[in-house]
Amino acid sequence: MFTYYYYYGLTNKYGDLETIPWEKQETPSKHDSHNVIITRRHLTECSLCLHLSRTATALVCPIKECSVDSCLSRVCCVSLKRSRAMFTANWWINVITPCTIIVTIAYYFCVSTFKRWEKLNVPYIKPIPLFGNFLNIALGKDHPLEFYNKIYYEFAGRKYGGLFQMRTPYLMVRDPEIINDVMIKDFSSFPDRGIYSDFTANPLSNNLFFMENPQWKTIRNKLSPAFTSGKLKTMYDQIKKCGDELMKNIDIDLNKNGNEIEVRDILGKYSTDVIGTCAFGLKLNAISDDESPFRKYGKSIFTPSLRMLFRELCLMITPALLKVIRVKDFPTAATDFFHAAFKETMTYRIENKIVRNDFVHCLMQARNDLVLNTDLPKHEKFTETQIVANAFVMFAAGFETVSTTVSYSLYELALDKSIQDRAREEIQLKLSKNDGQINHEFLMDLNYLDMVIAETLRKYPPLVALFRKASQTYRIPNDSLIIEKGQKIIIPIYAIHYDTKYYPEPEKFIPERFSVEEKAKRPSGIYLPFGDGPRMCIGKRFAEMEMKLAFVEILTKFEVFPCEKTEVPLKYSNKVLTLMPKHGIWLRFNRIN
Ligand code: HEM
């Protein structure tokens, strides 16, 4: 006596099986309903079906007396068996075919943009699939500055040229007049940077730097008053205290390491202090200690990492990739910390009715006007997180830029003692005229120091290129090129700063290039360490005051010299997009008696 299993496959109008009850019976039976198929089979005949029936996904199965044709189900053991047999025989076709299709689609996706410059008759560098012109950067062989330099010189004599960062076409603008048009005169056609960030994955990136119009304009208008010279004056005392702390830290370091110091590290503490007090309202002794979370998380944001490199590469292939992979712009622990720190300060100030003339105050006013204001239509409202994100950007944009610029300056002053002496003489002379008082007006009057800083930023601009995106179709004045809406633009600051046409002997450190007379001889659009136009660095004047105070403190108390560990020439880290010295900057400090 055989045991028979009966499988009921209920077919829908397309002949697809929808439900599959099964039961075991001793006697065969037949269900006759117009939409029920009844098939049966002897269990021992088909191990494949037995397996499938257990999971209740095996549908109907033709038995000996039930031909394949009579089975209305799409899945039947015979066809499964056949296809299985075919798969085994032709497995390589089954693997290779989909792979080939995927690779072909990916290939066409990667090269689909490569005709852009040819069509527009713009000179361009021939790209290679996937990487465009970006292979050496992707492999970490070149720093972006070397990459942009090479391309800048490939287009020598031209006003602009095309390149591909992975598959994204960029227009590199070299001509100072077009640069001015893009950044200043026709700013309304290029109001955004076009640097993508997924704000849902990275809420703290939803700040002035990444924001696009119209939100950017609203928040920029709210924050600009914090950077007027009047406001900077009132912040001076706070920054001066950070200067005193810097001198204490230098003393501690000198006692620890003989008289040699890695200056980027010590100046990093100083710029952390300044932003910590002015933008996060923290108490000084809670900030710059190496063990303090503010310092620790601050450092972690800029530590080169694979995450950063990977993020950049994804971004250049297509921003959609970042949406899927959700790689963070900054480490989560760091952004959580900054979020909590700012909220705590805000709550404390509200509860204790504290008013201080600093960025925190300005951001709190922006919060009142843009977040809490009930008169504002919903679509114009900002979120609490966007306010915190703008405190965060003050830190992210102002910490590393300031500390590396002062470090590069000290490096150059150490290598050329005559320039160092001249800077010190100016400080001492003006100090004696100012009764030994260091204040905001005194700092503004240090013209030679201004020239030293300007030349440092020419040689070492922290951002090696600027970015803009066309918000509408734009015809370049006196030219046939029409830039399409959405086109991304690169302005290669570093390469322009080293162009001998504008700056003879660019490798030399010559502050006199920035005397009033020499500056007047050069066209505008060729000196851009802070960018230019409405979107230029909002913190420029703040940074200048902060840097000058550090110089005055250091140069009046110490002479700086190169030491054995000083790297000449300096090497830059390939892992970050900013200009960061690979091995730090070591200098010898001798106290002036
Ligand atoms: C040596 C110091 C600094 C340098 C060289 C520098 C350089 C720059 C550059 C090149 C830009 C892009 C400008 C453009 O696209 O045209 C920028 C933007 C910005 N910087 Fe700075 N920066 C410095 C210090 C600071 C400081 C101290 C702060 C804040 C306290 C700051 C806040 C910002 C912000 C918020 C933006 C975005 C502005 C916007 O899109 O509206 N920067 N900076």
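# Sheets, helices and a ligand shell

Let's start with an open sheet of three strands: its order runs β7-β13-β12, and the pairing is antiparallel. Strands here are DSSP runs of E with at least two residues, helices are runs of H or I with at least four, and both are numbered from the N terminus. Two strands pair if DSSP finds at least two bridges between them. Keep in mind that this is a predicted model: local features need pLDDT of at least 70, side-chain atom pairs count only at pLDDT 80 or more, and totals for chains, interfaces and linings use all residues. Residue numbers start from 1 along each chain as its sequence is written.

- Axes are lines fitted to C-alpha atoms, for helices over the stretch in contact, and angles run from 0 to 180 degrees between N-to-C directions.
- β7 pairs with β13 (residues 586–591) in the antiparallel sense over three bridges, and Glu262 has Trp586 in β13 as its bridge partner.

**The four-strand sheet**

- There's also an open sheet of four strands, in the order β5-β6-β11-β8, and its pairing is mixed.
- Its edges are β5 (160–165) and β8 (466–469); each has a single partner strand, so one side of each is left without a neighbour in the sheet.
- Neighbouring strands of this sheet are turned by 30° against each other on average, again ignoring direction.
- β5 and β6 (residues 168–173) pair in the antiparallel sense over six bridges, with Leu163 standing opposite Tyr170 in β6.
- Helix α7 (residues 176–185) packs on this sheet and touches β5, β6, β8 and β11 (488–491), while its direction makes about 115° with that of β6. Residues are in contact if their C-beta atoms, placed from the backbone, lie within 7 Å.
- Met166 lies in the loop between β5 and β6. Met166 counts as buried because it has 23 C-beta neighbours inside 10 Å; the cut-offs are 20 or more other C-beta atoms (placed from the backbone) within 10 Å for buried, 12 or fewer for exposed, and in between for partly exposed.

**Two packed helices**

- The axes of α17 (residues 417–433) and α19 (residues 447–459) come within 8 Å and cross at roughly 140°.
- Ile419, Arg422, Ala423, Glu426 and Ile427 in α17 meet Tyr448, Leu449 and Val452 in α19.
- That contact divides into six nonpolar, no polar and two charged residues. Nonpolar means Ala, Val, Leu, Ile, Met, Phe, Trp, Tyr, Cys and Pro; charged means Asp, Glu, Lys and Arg; the others, Gly among them, are polar.

**Around the ligand**

- Of the 25 residues around the ligand, Ala397, Gly398, Gly531, Cys537 and Gly539 come nearest. A residue is near a molecule if its C-beta atom, placed from the backbone, lies within 6 Å of it.
- α16 (384–415) and α22 (540–557) are the elements giving two or more residues to this shell, and α16 has the largest share, with seven.
- The shell holds 17 nonpolar, five polar and three charged residues.
- UniProt places a "binding site" at Cys537 in an unreviewed entry. Cys537 is in the loop between α21 (516–521) and α22, and counts as partly exposed because it has 19 C-beta neighbours inside 10 Å.

How values were computed. Two residues are in contact if their C-beta atoms, placed from the backbone, lie within 7 Å. UniProt positions are given in the numbering used here, feature names are shortened, and annotations may be inferred rather than shown by experiment.
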